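Thanks for coming. I will go through a few local sites and then the relation between the two copies.

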There are 2 protein chains.
Amino acid sequence: RIWSIYESIQTYVILTIVGICIGTTAAVLNVMTEYLSNIRTGYCTTALYLNRNFCTWGELDEHQATTWVEYSRFGVLNYAMFITISLVLALTSSKLVMHYAPLAAGSGISEIKCIASGFTLKKFLSFATYSLKSIGLPLAIASGLSVGKEGPSVHYAVCIGSVISKLFARKVLKTHQKNVWFRNILVAASGAGVAVAFGSPMGGVLFSVEEISNMFKLSTMWESYYCSLIAVATLQFFDPFRTGQVVLFEVIFDQDWHFFEIPIYIILGIFGGIYGIVVAKFNIKAVSFRKKYLGQRYLKEVAVLAIITASISYFNDFLRMDMTESMQFLFQECDEHPHHNICNLESKPEAAKAIFSLLWATVLRMIFTVFTYGCKVPAGIFVPSMATGATFGRALGIIFQLWRQNNPESSYFTSGCLVDNKQCITPGVYAFLGGGACLSGITHLTVCVVVIMFELTGALKYIIPTMITVATTKIINDKWGKGGIADQMIVFNGLPFIDPHEEHNFFGHPVSDAMTIKVVSLPLQGVTYGQLMAILKETDFQHFPIIQSASKPLIKGYIRREDLINVIERFAGDPLTDTPCIFDNDSLSEDDILNFTEAVNTAPLTVNVYVPTEHVLDIFHKLGPGCLLVESDGLLQGLITRKDVLKYEYVLHHIDHDESIRIRE
Amino acid sequence: RIWSIYESIQTYVILTIVGICIGTTAAVLNVMTEYLSNIRTGYCTTALYLNRNFCTWGELDEHQATTWVEYSRFGVLNYAMFITISLVLALTSSKLVMHYAPLAAGSGISEIKCIASGFTLKKFLSFATYSLKSIGLPLAIASGLSVGKEGPSVHYAVCIGSVISKLFARKVLKTHQKNVWFRNILVAASGAGVAVAFGSPMGGVLFSVEEISNMFKLSTMWESYYCSLIAVATLQFFDPFRTGQVVLFEVIFDQDWHFFEIPIYIILGIFGGIYGIVVAKFNIKAVSFRKKYLGQRYLKEVAVLAIITASISYFNDFLRMDMTESMQFLFQECDEHPHHNICNLESKPEAAKAIFSLLWATVLRMIFTVFTYGCKVPAGIFVPSMATGATFGRALGIIFQLWRQNNPESSYFTSGCLVDNKQCITPGVYAFLGGGACLSGITHLTVCVVVIMFELTGALKYIIPTMITVATTKIINDKWGKGGIADQMIVFNGLPFIDPHEEHNFFGHPVSDAMTIKVVSLPLQGVTYGQLMAILKETDFQHFPIIQSASKPLIKGYIRREDLINVIERFAGDPLTDTPCIFDNDSLSEDDILNFTEAVNTAPLTVNVYVPTEHVLDIFHKLGPGCLLVESDGLLQGLITRKDVLKYEYVLHHIDHDESIRIRE
């Protein structure tokens, strides 16, 4: 009774601590990122450690600020400083990460999906990985590389979940339950990671449901909810931006949408789908190239990327700005910044220039993202994708607006807008929808993306347009895409993962084709301690079926290697080589025996040899056993594990594939 | 190939039609409800068929409208009209529903949960039920009874899903797949039902995930998303309120929340939890009383309820108004209606009067809801719960605001607010949060409630407070509640449902205790057509195991009754009484045989007799088979279905229960 009360409190205690740690980390990271981003363009004369925002606090016009100054009056020198600082930041990030915790490089979402589905990746969730990911991330973002913070946020959040739950968990749960419990904490932490990255608590919850969690359970969703709430409340408490807001940008659209805009929403959705497919495809190629030819020369690669990105970005407004700033800017209506060239569309050349500048930013951001995602710094792909979509969407919005300006009396427009309504079309909305479309295109998430976009901006009136755009992207992706980038990376890297949401085709082959027949089974009686030790020493099988006898292998039970070892270790006294091992109470006769009865699962899951492999996979997903015994007429025929299924799928599908794809053992 | 393309399009085609029908129905219902609600207090002099809103369209001040007039200048006559019309509406609703489609009475969510989990309830999803639910619902709501429209909306939406998919589905799927596909359509439709009821498409999606769907799959979520989108877009297209909005109320809160308000959020959450527990408990008692003593006197009951509700409600502002109007009113800040007494808090008696009026409305609404939910009209409980929470929350908000007015310099308040900030505390926010808390309290939903509240109001700044309140309610419910009202109704009515989210305790009893041993099994050879027909005629078993022979009942396969019948019907020629029936290709020898081989499942799911019943239940939930064969050493020992598990649970837990609880066969 007391234990069970303690257990329920334990989960809350741990989730609370995890949430607070995630929120605190996020707050520190936000401050660091903002400061480091700012020093690329100037410094604070009153105090070097202040970022631009605090430095110019209280000054009326940011552009005439006297306390925050550029490095030099000469544009060229500023340009050189910009590139140099970007380079230093990127190299520091890469060097630190690769030296101390190489697993902290990259995004981490793919690996976390595998861990949540039940596999183990050593050191991936260690304290070292956490520290280096948190230190490397602000450096990488501030360097101007086309990387986002949400993937790495998920990774450090899950590291925190793992470290804290190992520190605080008491051994009150059985091994199997404990693993499930532990994985649930990790799933909850992953949700909190997205929640703090975007300041979007419900988006985080839905991310953990839609992307990470392997088996959906209401209790897991609730844990994720609780952890995200604590994390975001903590972040809000620290209020790192000193704006009282945790969201990256808040935009209020006060115009309603019109039915005649639906074709544009659909075009944006199609763009999102194409973006996702193209970027994923070329990114996989880039990663493959890196693996084959670059090897250990990752620092040079990062240096080249940083220099190219910085030197080109400097000349485009939307690339030079921090990505989130740039999105905030693009989402707003023109009354917020009437003097920028994307709002001065009176003359044709000016309008053309604005559109060109936006499309140019779109193309460049796509190229940068393709090459940068996967390089050896902590790097996410959500925010770069949104930024790409935002520039494209804004360009499309301006084109659409100009078209209407030239045809204000067309019946197409008058169906929804009065002729003299200047505000009828809001290009900011298209930027917003474009961002959502690209985010959905690259991740293949739907509900989660809609909720994140909604929470980011509170665009209540635009929920239906967002849904239309994301639905279009989803349909394109389903038809021509190959899964979200995280899933494609899993396949590419040969990570041990069986996607429960995907169709697996074994062409109806029965489990007898996929199972392993290399099984050591133990008869109920007749095995001695010496023989058992020899088996444990010479093989590394994890699963041992128990059978009636070698001549009549009726399945009687099943025991795991660790249970065998446990019983042996707990044996009072020293077993002799010929001490008999007993797996069945009926066989208890002698005194001096090794009795494994308590550890035997007498009713293991069995499947018939004719069961289709698809069905076996279904059982693994849904019931989550470690292995299944394969029988025919009650007699043991073999044994099958998840890895056997994966290997068999690999054999069936990937025989002619490139050698870089292999299954990690 | 063509069939598979057709199949994928088929789902979209059907979901589109379903969505359009749901949206259209919702639009018609909204118009009807508004008109009928209005005529209780007056009529339009220019055209009788106009509701108040259209009647006074363009007039500046609603209160001085000349085209919409009350029935008489005498208050007493108006009062009498109000009660009479309420009574007529309620009786019409009840009479129509109970006469033509009694299954359309009540909410319907409980039954839909059962259907989604795989059981069949005849006529529950028929066209008649749909029609009567749609006609009865506006009458019931307009009568002023304390009923909401979301439960019935879910019900009529699922009816539409069922009718349309039966009309348009082509037979391209196998029976088993078809059932799963059909249930997915129903789940998607249920989401669309909530989506149109609240104008909250994402809330609908999450409702279908959190409440209805038995097995979460991403594809089901996507179908629900698509269907909700179409339904809400259709509703928006018809624009029944002529406001361009589909949501019931939109409120913009422009104040930020403060950390010192968290205790109030928690109090609201606790109230929500208590509300849920108390209302569910007494409602079950009321329903039980109705079942035992009222029997067929449902019309009298409805009449009494309508008269009492109308005659009391007339004297309280918040009860007389339509529930959604009243909530809109309570959520708003005082600058929207500065003259109402809940905004005139200068003098103590006035403030006390306002608080008393709100608390009085809270108590009455609770009592009305307890007695009304479950009576024989279409009735939901979501909106009444929200309305109750809103009056309570507003009262609490006013008390809190007064407290601050009296202690403006207390350090408790100055931690977050300047002393001279009059706007620091917004009572409307507490009304909003109270509504969310009670909704969560009665339904036990969390994520869905937060998203619905969010979508209803676009209260972006208040997402963390909403989450805190709902989390508190959830913790109270988990500790002391007995599940959402829908689940409690399922238990109370003995509906065939196994809650996949609930713990089921079979005290470790093995499946051999729960299984049925009354099984007719068919040997591979030796059964004649005559014998088979006798078996089919004399028993109503649905599942027939195939065994090696009667003397050695090794499990060889499994066949369902409908497959047996199918094969017999398709047999060319007339089988003779002694025509042999063959279930195994090895036995094929003679020409004139009934060959069932193709229809036999040669690798059925089997479980060992020692498997704990909890585990069997898990298999039913997660793999969804019709039945499981129970074996020992490969020999058939019995058979178990979901109903056997339910019966066994009933035997274990409910032996001493009241006789009104029984398992419907």
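I start with A:Thr369, which touches A:Ser146, A:Tyr275, A:Asn283, A:Ile381 and A:Pro384, leaving out residues up to four places away in sequence; contact here means heavy atoms within 4.5 Å. Before going on, the conventions: this is a predicted model, where local features need pLDDT of at least 70, side-chain atom pairs count only at pLDDT 80 or more, and totals for chains, interfaces and linings use all residues. Residues are numbered from 1 along each chain as its sequence is written, chains are lettered from A and ligands numbered from 1 in the order in which they are written, and side-chain values use heavy atoms, with hydrogens and water left out.

A:Thr369 sits in helix α14 of chain A; helices are DSSP runs of H or I with at least four residues, strands are runs of E with at least two, and both are numbered from the N terminus. Is A:Thr369 buried or exposed? Its relative accessibility is 0%, so A:Thr369 counts as buried. Buried means under 20% relative accessible area, exposed over 50%, and partly exposed in between, with a 1.4 Å probe and protein chains only.

Helix α14, residues 348-372, also holds A:Trp360, which is partly exposed at 41%. A:Trp360 belongs to a nonpolar surface patch of about 510 Å², together with A:Phe356, A:Val363, A:Ile367 and A:Phe371. Patch residues have over 30% relative accessible area and no salt bridge; like charges are joined within 9 Å, nonpolar side chains (Val, Leu, Ile, Met, Phe, Trp, Tyr) within 5 Å. A salt bridge is a side-chain nitrogen of Lys or Arg within 4 Å of a carboxyl oxygen of Asp or Glu. Areas come from the Shrake-Rupley method with a 1.4 Å probe, and for residues only the protein chains shown count as cover.

Now chain B. B:Tyr430 is in helix α17, residues 427-443, and is buried at 0% relative accessibility. Its contacts include B:Ile264, B:Arg394 and B:Phe400. B:His444, in the loop between α17 and α18, has a positive phi of about 60 degrees without being a glycine.

Last, the copies. Chain B superposes on chain A by a rotation of 180 degrees with 0.0 Å of shift along the axis, RMSD 0.3 Å, fitted by least squares on C-alpha atoms of residues with pLDDT of at least 70 in both. That is the relation of a two-fold axis. In chain B, the C-alpha nearest the axis belongs to B:Gly634, at 1.9 Å.
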